[in-house]
Amino acid sequence: DALAPLGLFGLAVPARFGGLGLSTTSWTRVLEELAHIDASVALTLGTHVSLGTQGLLLFGSEEQKSHWLPRLASGEVLAAFALTEAEAGSDVAALRCRAQPTGDGGYLLTGRKVRITNGGEAGLFTVFARVDGIAGEREGITAFLVPLGPGLSAGPKEPTLGIRGSSTADVFLDEVKVEADQLLGPVGSGFKIAMEILNRSRLAI
């Protein structure tokens with residue numbers, strides 16, 4: 001609540017969407033200064049800025065950007081990045097979360113994501129799932145913009161060794177219905193999207 005009026009949730013969001021529109025060098029330096037004071041605050045905000053909003057900035061449609069970026073920039077909605085699974089950490093191609101086509105352009109997402117930063121507090125998740133019916137390790141992986149809602153829940157906050165002011169929790173998806181306009185990029189482009197977002201997020205971490 002104290003950071004939101006300062007515009008810090010919108011460090012990387014362009015001014016036309018209500019953000020500060022800082023360069024990558026500038027927003028990473030802001031996060032560095034915050035980390036000198038409190039690493040938990042820096043992690044929560046850094047995850048929101050680098051992992052949570054970068055997918056929208058890089059791959060979102062104009063409609064998706066117009067709907068979500070002002071809310072993310074204002075701090076109304078906290079963002080999380082739901083990629084990691086028990087068997088798929090660095091090996092993204094091993095993820096098992098499923099996206100079952102519903103026949104009307106939508107999907108039902110089912111699976112478990114583990115140790116998700118901001119997982120217990122986020123209102124918007126970038127979720128990666130494998131679309132049923134597409135063969136290959138990487139080919140079916142697709143990114144979705146999933147707001148907190150029916151079928152999506154978080155487990156208890158993990159008892160971490162440090163940075164305890166930041167929320168780390170497992171995220172569960174139980175036939176979460178998403179529409180076609182919630183896809184982030186084309187079907188099958190999720191592996192590339194994840195790699196690009198991760199490359200940028202490493203700067204923040």
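The bend at a residue is the angle between two axes, one fitted to the seven residues ending there and the other to the seven residues starting there. In this predicted model, helix α2, which spans residues 39–52, has by that definition a kink of about 25° centred on Gly 46. The helix is mostly covered, with 12 of its 14 residues buried, and Gly 46 itself is among the buried residues, as are Leu 45 and Thr 47 on either side of it. At the start of α2, a side-chain oxygen of Asp 38 comes to within 2.8 Å of the backbone nitrogen of Ser 40, and Ser 40 is likewise buried.

Helix α5, formed by residues 190–204, has 15 residues and reaches 21 Å from its first C-alpha to its last, which is close to the 21 Å expected at 1.5 Å a residue. Its buried residues are Gly 190, Phe 191, Ile 193, Ala 194, Ile 197, Leu 198, Ser 201 and Ala 204. Seen down the axis of α5, these residues fall within an arc of 150°, and they therefore line one face of the helix. An α-helix has 3.6 residues a turn, so residues three or four places apart point the same way. The face of α5 turned away from the buried side carries the exposed residues Lys 192, Arg 202 and Leu 203.

Among the strands, β7 covers residues 168–178 and includes Thr 168, which counts as buried because its relative accessibility is 13%, under the 20% cut-off. Leaving aside residues up to four places away in sequence, Thr 168 touches Arg 115, Ile 116 and Thr 117, together with Pro 156, Lys 157, Glu 158 and Thr 160.

Methods. Residues numbered from 1 in each chain as written. Predicted model: local features only at pLDDT ≥ 70, side-chain atom pairs only at ≥ 80, totals over all residues. Heavy atoms only, no water. Helix = DSSP H or I, 4+ residues; strand = E, 2+ residues; numbered from the N terminus. Expected span 1.5 Å × (residues − 1). Buried < 20%, exposed > 50% of the residue type's maximum accessible area, 1.4 Å probe, protein only. Arc of directions from axis to C-beta. Polar contact = N/O pair within 3.5 Å; in protein donor to acceptor, adjacent residues only side chain to side chain. Contact = heavy atoms within 4.5 Å.
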